[in-house]
Structure formats: C-alpha cells, structure tokens
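Biologist: I have a new model open and would like a short tour. Could you take my questions one at a time?

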Amino acid sequence: MLAEALSAFLAESLSASSSALLLVGLVVVVVAMPSLVASILRRGLPDRRRAVRPLASQLHTGSPRARRSPRQAVSMHRSLIAAPFFLGLGLLLTCFAAALDAVGIQGTLVAIALVSPALLVVLHGRRRSDES
Amino acid sequence: MIALLLACGVATLWLALALIAIGFVASIERRLRLAYGASATDSSAPRSEWGSGTLEPPSSYALVRGLAGLSRRVVSDSAAQDASPALRRGARVASLVVMATALALVPFAGGSFVALDLDAGLLCWVVLLTLGSIAPLFVGLAERSVWARLGCVRLANQALVVSMLLVVVWAPLVVSTQSLRVLDFATPQGASFAPFEFVAVIFGATSVTPFLDAMRLPDWFVFTQPLTALLSIAVLALLARRAGAFDGVVAGMRPGGIGLDADWSSSQSARFDTRLMTVLTAAIFVTLFLGAADLPYFDVREIGTFVASFVGEGVASAVVALTRVGVFVLKLIGVLAIGAIGREGMAPPREDQILRVLNRRIWPLAWANLLLVVGLRFLLNSPEAGL
C-alpha cells in the first residue's frame with residue numbers, strides 16, 4: 001500500500017522536466033566518475049606516493065596585435081555598446097512583423113495615418129525650437 | 001511509475017547518443033593529430049613526468065588509453081597554485097549543467113522522445129548558450145592573476161555580443177514559423193517545396209509544370225533560408241570557441257585558453273566541455289536547419305505502417321522511433337565531420353579578425369537577412385501577389 005502510494009506520488013511529482021533533470025544528473029556523474037574513481041584508488045597508495053604536485057599558473061597571452069595597440073579594446077567596447085541597440089531594433093522588427101502578420105498588410109496604411117500627424121507635429125516643434 | 005521509467009529511458013538514450021557523438025569528435029581529433037603530426041604547445045601536459053612523445057599514450061585502443069590516463073591520475077595528483085579550487089570546480093559543473101539542459105531541448109526523435117519541451121525553447125537555447133559560454137570563464141576568475149581575470153572579462157564581452165547577434169540571426173526563423181517552440185521548427189521540415197514555382201506563376205501558368213515540380217527540395221531551413229543557415233554556422237562556431245580552449249589536434253590548450261591543462265582533472269573537464277559544446281551546437285544546427293529526425297522525400301511513418309501489417313502497433317512505433325533516432329545521429333555525425341574538416345582547413349582566426357568580421361560583415365548581413373525575410377513574407381502572403 002505504501003509502495004503504491006509512494007510510486008503514485010513520484011509519478012505525479014515528476015513533471016515533464018524529469019527527463020531533463022535526469023539527463024543533467026547523468027552528464028555530471030559521467031564527467032565526475034573518473035576523478036572519483038581515481039581519488040578512491042589513491043587512498044590505497046602509500047603516503048609518499050600520495051603527495052600532491054603543485055602546478056604553476058599558466059601564462060595568458062592574447063594576439064600580438066592586441067598587445068601592441070589598444071585598437072582591439074576600442075572596437076570591442078564599441079561592439080559591446082552597439083550590440084544591445086541592434087538587438088533591441090531586431091526584436092522590435094520581429095514584433096512588428098508578427099503584429100503586421102496578424103492585422104494584414106493593410107495595417108501599414110492605418111499605421112502611416114496614425115504616425116504621420118504625430119511626426120509632422122514633432123518636426124514642426126523641432127523647427128520652432130531651433131528658431132528660438 | 002511509468003512516467004519515471006519513460007523519463008529514465010529518454011535521458012539514458014539521449015546521454016548515449018551524446019556520448020557516441022563525443023566519441024566521434026574525439027576520434028576525428030585523434031585522426032587529424034596523427035595525420036598532421038602536430039606538435040604540442042608549451043602549455044600541453046607535462047610529458048617529462050607523464051611519458052615521452054607528443055602522441056602519448058602510444059596505443060590505438062581507446063580503452064587502453066583511458067586506463068593509462070586513469071592510472072596516471074592515480075599515481076600523480078596535482079593542484080594548481082594561486083587558484084581557488086572551489087570556484088574552478090563550480091565553473092566546470094555549471095558549464096556542464098547548462099549544456100546538458102540545452103541538449104535536453106533537442107528533439108532527437110521527433111515529438112515523443114524530447115526530454116524537455118518548452119514553449120519558449122528557442123529563447124532558452126539563446127540564454128543557455130550564453131550561460132554556457134560565460135560559465136567556463138569562472139575558471140579564469142579563480143586564478144589570482146590579473147591577466148587571467150582581464151582575459152575572462154574580454155571573453156565574456158565577446159560571448160555577450162555573439163549571443164545578442166544570435167537573437168538577430170534567428171529572428172527570421174521566428175518570423176517564418178511564428179513560434180518559439182523547438183518542435184514547431186523541427187516538425188514542418190518533413191515536407192518539400194518547389195523553389196522555382198514562382199517562375200511558373202510569373203509566366204501565367206495555372207499549375208506548376210512537371211519539370212519544376214521534379215526539382216523539389218526538402219523543406220529544410222537550410223534551403224528555404226540559406227543566409228540564415230550560413231550566419232548561424234558562423235555564430236554557433238563563435239559560441240563553440242570555449243574559454244578553456246582545448247585543441248584536440250595538438251592535444252593541449254590554445255594560447256588563449258583558461259585553466260591549467262597540466263592538471264589532469266582540468267584537462268579532462270576541458271576536453272569533455274569543448275566536445276560537448278561542439279556536439280550541442282551541431283545538434284542545434286541539425287534541428288533547426290537540417291530537418292531534425294526526418295528523411296528527405298520520405299515519410300518515416302510509412303515504415304511504421306508497413307511494419308504494423310506484420311507485427312503489432314507497439315513494435316512498429318518502436319521501429320519508427322529508432323529510425324528517427326538513427327537519422328538524427330547520422331545527420332549529427334555528418335555535421336560534426338564536415339565541421340572538423342572545415343576547422344582544420346582554415347587557420348584559427350585572431351580575435352581582432354573575429355571582431356572585424358562580426359562588426360563589419362555578420363551584423364549587417366544578419367540585419368539584411370531579417371529585413372529580406374520580413375519583406376518576402378509580406379510580399380508572398382499578400383493577396384495581390386497570387387502566390
């Protein structure tokens with residue numbers, strides 16, 4: 001009775017993501033297994049063979065061009081700053097495509113009719129402020 | 001209980017397939033290493049302590065090589081100086097967890113055998129690929145060297161830019177399918193289309209001529225959106241460049257690699273990490289652009305119908321599922337082989353070259369592709385076009 005209740009509880013509590021969780025667990029176990037086996041076997045070695053060998057840090061060197069000039073850092077900084085704007089525009093365009101797909105191509109005419117007066121007012125206001 | 005068993009079966013099957021693909025990648029790397037006779041770099045494993053020769057251990061049997069590596073680990077343990085072991089270990093585990101979760105989203109045998117089916121699967125892939133690129137950087141942060149930390153910031157910068165680019169590159173797919181679910185990308189690719197159908201329409205034909213109809217292509221995104229496929233190859237290849245960059249051909253770290261490959265467990269983790277990321281990006285490409293588990297011009301379910309006339313429905317379903325799995329694995333291995341050959345055929349690009357190509361070529365092309373797909377969609381779907 002208890003076993004049946006437990007199995008029913010497990011079946012209910014396991015959602016659709018249980019396969020994914022098991023897969024993640026299996027991958028981690030597969031990777032950790034050699035190190036685990038080696039550390040267990042090392043326990044059987046005599047003390048003098050179990051000494052840990054220290055390793056020096058690895059040197060990190062980039063491209064020679066990067067070391068000569070800051071140009072790469074500048075271009076990298078520019079690309080990092082520009083990428084969110086391009087991403088935002090891309091997402092906006094994708095949403096625009098989805099919306100236009102729903103309302104149809106005639107929706108562009110309605111959109112132009114709505115936007116044009118606002119654009120006219122904005123441009124006129126900008127011109128006036130320049131004059132002032 | 002049946003749900004638990006089914007979940008275990010799917011997870012074990014997918015792990016077995018991933019391990020087969022990883023073994024295939026390792027085999028290709030070894031073959032290329034032997035073919036080119038590449039020499040080890042300065043940062044390779046300490047051969048003076050572990051054995052002589054670049055191609056150690058000199059055995060053609062993978063099991064013997066594995067046992068030799070394990071015995072080395074038993075008799076010679078090492079610890080990296082000036083590094084936080086907890087942070088290093090945490091970074092490795094985080095990277096593995098992220099990549100395994102991304103692998104779970106791959107529908108390797110159609111809808112019934114997907115380990116994790118999410119409505120926003122494509123978005124999850126973008127997020128997980130970003131995290132998978134950034135997680136190994138904590139290995140570099142674990143070192144108490146300012147150069148390692150600066151290198152990590154530099155690589156995180158690149159990973160963020162490439163991930164944002166990936167969103168723009170994949171946006172045309174979302175525009176075409178109007179969905180973010182991975183199965184919605186994989187399932188419709190089983191059909192075929194006539195790419196020159198518009199010629200018949202332009203010349204006023206009421207139906208597609210037999211000649212044009214014979215030139216049908218599989219409805220894979222690699223044919224319907226070739227520019228998106230090409231850009232995806234470039235961006236996925238950039239994301240697959242790992243921070244702990246293990247180079248299988250020279251059997252050592254690349255100069256920009258993070259982490260000490262002289263440490264046995266770090267070396268093993270870096271190898272597995274790099275190969276798993278390669279398999280993941282190849283599996284994503286097969287799913288999105290090469291029809292996932294479907295065969296071109298042939299519906300796999302017909303095999304099930306044929307088999308069901310001799311045996312029961314259950315066996316027929318199993319045969320169909322196994323056929324789909326086989327097709328997916330063959331496509332995956334083909335992509336991995338072509339990728340390895342292509343990678344060896346070209347010199348590894350410098351970082352400034354990568355940046356220049358990203359900023360001046362791939363970003364504008366991705367934008368042009370998105371605008372092209374959006375424009376074509378409205379043109380072909382409008383009632384005036386008659387297509």
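**Rings, sulfurs and a surface patch**

Modeller: Start here: Trp14(B), Phe108(B) and Phe328(B) form one aromatic cluster. This is a predicted model: local features need pLDDT of at least 70, side-chain atom pairs count only at pLDDT 80 or more, and totals for chains, interfaces and linings use all residues. Residues are numbered from 1 along each chain as its sequence is written, chains are lettered from A and ligands numbered from 1 in the order in which they are written, and side-chain values use heavy atoms, without hydrogens and water.

Biologist: How many aromatic pairs are found over all chains?

Modeller: Rings of Phe, Tyr and Trp (its six-membered ring) pair if their centres lie within 6.5 Å. Planes under 30 degrees apart count as stacked, over 60 as edge-to-face and the rest as tilted. Over all chains, the number of aromatic pairs is six.

Biologist: Of what kind is the pair of Trp14(B) and Phe108(B)?

Modeller: The ring centres of Trp14(B) and Phe108(B) are 4.6 Å apart, with 20° between the planes. That pair is stacked.

Biologist: How many residues apart are Trp14(B) and Phe108(B)?

Modeller: Helices (H or I, at least four residues) and strands (E, at least two) are DSSP runs, numbered from the N terminus. Trp14(B) is in helix α1 (residues 2-36) of chain B, and Phe108(B) is in the loop between α4 (85-104) and α5 (121-134) of chain B. The pair links distant parts of the chain, 94 residues apart.

Biologist: Is Trp14(B) buried or exposed?

Modeller: Buried means under 20% relative accessible area, exposed over 50%, partly exposed in between (1.4 Å probe, protein chains only). Trp14(B) has 1% relative accessibility, so it counts as buried.

Biologist: And is Phe310(B) buried or exposed?

Modeller: Phe310(B) forms an edge-to-face pair with Phe306(B), at 5.2 Å centre to centre and 75° between the planes. Phe306(B), at 56% relative accessibility, counts as exposed. Phe310(B) has a relative accessible area of 64%, so it is exposed.

Biologist: How many disulfides are found over all chains?

Modeller: A disulfide is a pair of cysteine sulfur atoms within 2.5 Å. The sulfur of Cys95(A) is 17 Å from the closest cysteine sulfur, in Cys124(B), so it is too far for a bond. The number of disulfides over all chains is zero.

Biologist: In which helix is Ile40(A) found?

Modeller: Ile40(A) counts as exposed, at 54% relative accessibility. Ile40(A) is found in chain A, in helix α2 (residues 18-42).
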